Each structure stands twice: as C-alpha cells, then as structure tokens.
Amino acid sequence: MTTETAGLVDAEHGMISRRIFIEPEIYQAELQRIFARCWLFLCHDSQIPRPGDFLTTYMGEDPVLVVRDTAGTVGAFLNVCRHRGNRLCRAEDGNAASFICAYHGWTFGNDGRLTAVPNRREAYHGALDLGDWGLIPVAQLESYKGLWFATFDPQAPPLREYLGEMAWYIDTFVDRREGGIEIVASHKWVMPCNWKFPAENFGGDAYHVQWNHLSAVKSGFSRGVTANASSTQRMASPGNGHALICVGPDDVGDPPMPVIEAYERDIATEVRQRLGPRAGLINPIVGTVFPNFSLLRGTSRTFRVWQPRGPEKTEVRSFVFMDKAAPPEVKRAIRQAGIRGFSPSGSFEQDDMDNWQECTQTCRGVMSRRMPLNTRMGLGHDRFEPALGAWVSDYRFSESNHRQFYRRWSELMEAADWGALARTTTREAKYA
Amino acid sequence: MPDQDTIRGVEQFLYQEARLLDARRFHDWLRLFTDDVHYRMAARTNRYPRSSKAIVILDAERCTEEDQERADELGLFDEDIATSMRESRALIPAWPGRKTRHRVHGT
C-alpha cells in the first residue's frame with residue numbers, strides 16, 4: 001500500500017481532487033483501506049428467514065455468500081471455492097444444505113465446512129484434511145436490528161461502536177414500529193460512475209432536488225420535501241463519515257400516495273414515542289452509512305449498496321423495505337413507489353445516474369482532472385448539536401456532510417490500521 | 001399465419017410509434033395505448049432450478065419451480081395508463097439529442 005493520497009482531500013477548505021474518482025491505483029488502495037476494513041452491509045434478516053436460505057453479494061470486489069445454516073446461525077464467507085478459486089454459488093438467492101463447485105465438485109455445507117471432495121482418498125493419498133479447507137469466513141459478522149453487516153478486518157471496532165450515533169438514525173428507518181421492517185424485493189444494475197458520487201449524494205445533497213429532479217417532482221410522484229423552502233431541513237453527520245439529510249419533525253416526505261399518507265398519519269404518534277424525544281426535533285429521510293450503504297425513506301422506501309466495480313463503474317443492489325406491521329395495501333403502494341422513484345426505470349434514479357456518470361467520465365481528461373471539486377457550500381456554518389448527537393448545518397442546503405464523508409475517507413486512506421485511525425481521528429473523539 | 005394486410009398494418013403501427021418517440025411526442029405516443037394497458041418490464045433473477053446439481057436443497061418449500069422470476073418480485077417498470085399520463089405531463093426535457101432505440105421482439 002504505497003499509493004499516496006495525502007492532500008487529495010482538503011475537508012477543512014472543501015477542496016477535493018478529482019483523481020480519487022478515476023485513478024486505478026487510488027481505487028485499488030480504496031479496496032484495501034476502505035472496503036477490506038469497514039463494516040459493510042450484507043442483507044436484512046427478512047431476506048434469509050429460514051435455515052438454508054442464502055444470498056450472494058459483494059464486499060468491495062470480493063464475492064460473498066451469506067447463508068443461514070441448518071442450525072439457524074447466519075454465516076458469511078468468500079463465495080470462492082478453496083480449490084481452484086472458482087465462484088462457488090452462481091445464484092442470487094435460494095435455499096441449500098450444501099453448495100457444489102461447478103468445476104470439480106468440491107462440496108461445502110451451509111456452515112462453510114468442506115464436506116466432500118471427489119476421489120479424495122486416492123488422488124490426495126490421504127493428505128487432504130477437509131477441516132483445513134472450509135470456505136473463508138469474514139473476520140466479523142454482526143447484526144443491528146435485523147441488518148447484517150460484516151468486515152474483513154479483525155481489528156475493526158465492534159459494529160455498534162462503528163455506527164456510533166448513526167444507530168439512532170438507522171432506527172428511524174428500521175425500527176419505527178414493533179416487528180421492525182421487511183425487505184420485499186430488490187433490483188440490481190450497473191451504472192458507469194464512481195461509487196462515491198451516489199454515496200455522497202444520498203448522504204447530503206439536498207441541493208440538487210429542486211433543480212435536477214424538477215420533472216419528477218412535478219409529476220406528483222414525490223413531495224420533493226428537500227426542495228421545500230419553508231422546511232427546517234438540516235444536514236446531519238453523526239460522525240465516522242456517516243451522513244443524513246433530515247427534514248423538520250413535521251415535514252412530510254412520504255411517497256405521495258393516499259394510502260401511504262393515511263397510514264403515516266395513523267402511526268405518527270406511535271413512531272415518535274418509539275423513537276424518543278429526538279424524533280420531535282428532526283426527521284431523517286435519506287442518508288449514507290459510511291462507506292456505501294444508503295437508506296431512503298422519502299419518495300421511495302429503499303436501501304441500496306453502491307458496490308464498487310472499478311473506478312468508473314458501480315453495481316447497485318437496491319431493496320424496497322417497509323414496516324412489517326403495515327397492512328397489505330400500504331405494502332403494495334410502497335412497492336409501486338419503489339419502482340417509480342428509485343429503480344433502474346425510476347424517475348429520480350434516471351436523473352441521478354446521468355449526473356453521476358458525467359461527473360465520473362469527465363475526470364478522464366488531463367486538465368479536467370486537475371480541476372478540484374468545489375465542496376465549499378456552508379463552509380464554517382455547521383456546528384455540533386448535542387441533542388442530535390451530530391454536526392448539523394446552519395442552513396437547509398450545505399455540503400457539510402460531503403466534507404465529513406471525504407474527511408473520513410481520507411483518514412482511512414492514510415491510517416495504517418484501526419489503531420492508528422483511533423489516534424488520528426479528532427472531531428468524533430472530542431465530542432464522544 | 002396472418003394475412004399480408006394484417007402484417008402490413010402491424011408494421012405501419014410500429015413505424016408510427018417509432019416516429020412519435022423519435023420526435024419526442026410522448027403525449028401522442030401514450031394515446032396509442034388502450035386504457036387497460038399494464039406496462040410491465042420483468043426483472044430477472046438468477047436462481048438454481050430444483051434439478052440443479054450445484055446445490056443440495058435443504059428446504060424444498062423455499063424453492064420454487066420457477067428459476068427466473070417469482071410472481072412477487074419487482075418489475076423494472078410497472079405502470080398503468082393513468083400514472084403514465086401523469087408522468088408524461090410533467091416531462092421537462094433537460095438533455096439535448098438523447099436517442100431512442102427501437103427493437104421489435106416476437107414471442
């Protein structure tokens with residue numbers, strides 16, 4: 001790891017080098033220092049409810065198999081056969097007692113153990129011990145309110161510590177009612193953009209909605225609440241690079257379908273009680289858990305993971321989620337809102353993808369790459385708000401969250417390990 | 001086998017539809033649809049069929065015969081005529097020269 005990234009992000013002055021969105025060496029360093037270190041989102045409990053249920057996903061560019069074993073314990077492994085490195089499971093989801101490699105037939109149980117190797121005794125002359133060649137597990141695997149996260153770094157702090165104050169903000173998406181949420185469906189597609197553009201957008205770009213999404217808002221598929229000039233909207237960063245757009249406590253950003261709006265009115269008191277007094281101060285509607293897991297509750301109800309696929313490509317894994325306790329007609333409406341707003345054909349998603357693609361592709365030019373990105377909106381106009389446990393912008397538009405996101409990115413890129421990061425991280429520690 | 005007039009009629013209809021899209025006359029294009037249209041693009045999911053040799057199934061109830069798409073999955077697009085008209089009315093073109101592509105699939 002010799003790539004020099006110092007100086008590419010100047011969070012204090014809001015200047016960011018465009019090299020970090022295009023250069024292969026920096027991308028390779030990101031895979032090691034960000035994606036092989038951080039806690040990354042895998043899936044929700046409701047996607048693998050029964051023994052044997054599995055799904056395949058990615059952590060960085062590493063293919064990962066998440067599976068609930070026969071005893072009911074969730075495991076996460078590299079989806080790579082220990083023999084010739086073939087991709088073991090080719091399906092996106094399903095149910096299995098064991099997985100059999102397509103190449104030579106090595107067989108792994110749903111707990112990751114190697115259980116059978118064709119001609120093992122004769123061909124290996126008794127020298128291959130099955131116990132030594134199980135699937136490679138992730139270093140740490142934990143769930144928070146049904147959301148499963150994993151990290152490849154044994155030194156990473158526990159998940160709850162990694163999330164910090166972000167945990168409460170996640171609650172406002174997944175723990176609004178008894179029973180939590182369920183994920184009902186997913187989309188998957190590839191965008192020609194760097195993964196950081198969608199991550200920063202969901203983390204704090206309230207500014208683009210009123211202009212870029214004008215058509216989509218006018219169509220009536222969204223309230224466009226983040227464009228509402230009378231809102232007490234703020235950008236909030238609870239630390240560690242996590243970031244959210246929060247509207248005022250009484251602002252409504254729900255999908256504008258009568259059945260959803262009526263449902264939200266019915267449960268409003270219950271939700272506020274469950275989430276506690278902070279819910280009377282602020283209403284988080286979209287955000288990013290550092291580095292690449294975003295949550296949206298406004299126009300559509302969606303979680304998405306921005307999977308890196310090279311500096312110029314991102315694979316989106318997008319999920320529609322809803323309160324488990326919601327009645328069927330509300331669930332149907334939320335599914336519909338999910339497709340309309342944020343999906344490969346979604347009105348908002350199409351606007352966004354076009355911008356992120358061009359923001360990435362123009363980094364190819366020599367002169368274009370030398371032009372730093374202006375990330376200075378609201379510089380000096382944000383402060384730590386103890387009641388919110390977060391740094392909050394003074395105005396409803398600000399790039400304060402962008403700066404928090406890239407500052408964290410920069411700290412991780414420059415720190416040798418988690419220990420060094422704890423020593424150099426300043427702002428979080430001061431207020432903790 | 002349909003007669004030549006029917007085939008020609010279908011062809012001319014497709015040309016007309018393509019011309020409307022090329023000219024960005026989306027309101028006129030939408031009028032080609034009947035009121036009961038359900039416009040759905042299916043999303044595909046890769047799944048092992050039950051007979052696959054790549055897995056040993058643990059819980060047969062969790063495996064459907066259908067290995068591509070389950071009925072409850074999200075489409076890529078799923079609208080009726082009323083919502084399509086709504087979207088079209090609000091369309092404010094922001095980009096120059098976006099191309100339309102025309103493909104005809106037989107089933």
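Guide: Two strands pair if DSSP finds at least two bridges between them; strands (E, at least two residues) and helices (H or I, at least four) are DSSP runs, numbered from the N terminus. This is a predicted model, in which local features need pLDDT of at least 70 and side-chain atom pairs count only at pLDDT 80 or more, while totals for chains, interfaces and linings use all residues. Residues are numbered from 1 along each chain, chains are lettered from A in the order in which they are written, and side-chain values use heavy atoms, without hydrogens and water.

Visitor: What is the strand order of the open sheet of 9 strands?

Guide: In chain A the order is β13-β19-β18-β17-β16-β15-β14-β22-β21, with antiparallel pairing.

Visitor: Why are β13 and β21 of chain A called edge strands?

Guide: Each of β13 (181-191) and β21 (382-385) pairs on one side only.

Visitor: How do you know that β14 and β22 of chain A pair?

Guide: DSSP must find at least two bridges, and β14 (residues 234-239) and β22 (residues 390-393) of chain A have 2 bridges, so they pair, in the antiparallel sense. A:Ala236 has A:Val392 in β22(A) as its bridge partner.

Visitor: What makes a set of residues a nonpolar core?

Guide: Its members are buried (under 20% relative accessible area, 1.4 Å probe, protein chains only) Ala, Val, Leu, Ile, Met, Phe, Trp, Tyr and Cys residues joined through side-chain atoms within 4.5 Å. The largest such core has 111 residues, and A:Ile20 and A:Trp409 are among those with the most contacts inside it. Helix α4 (residues 166-174) of chain A gives the largest share, 7 residues.

Definitions and conventions
Buried < 20%, exposed > 50% of the residue type's maximum accessible area, 1.4 Å probe, protein only.
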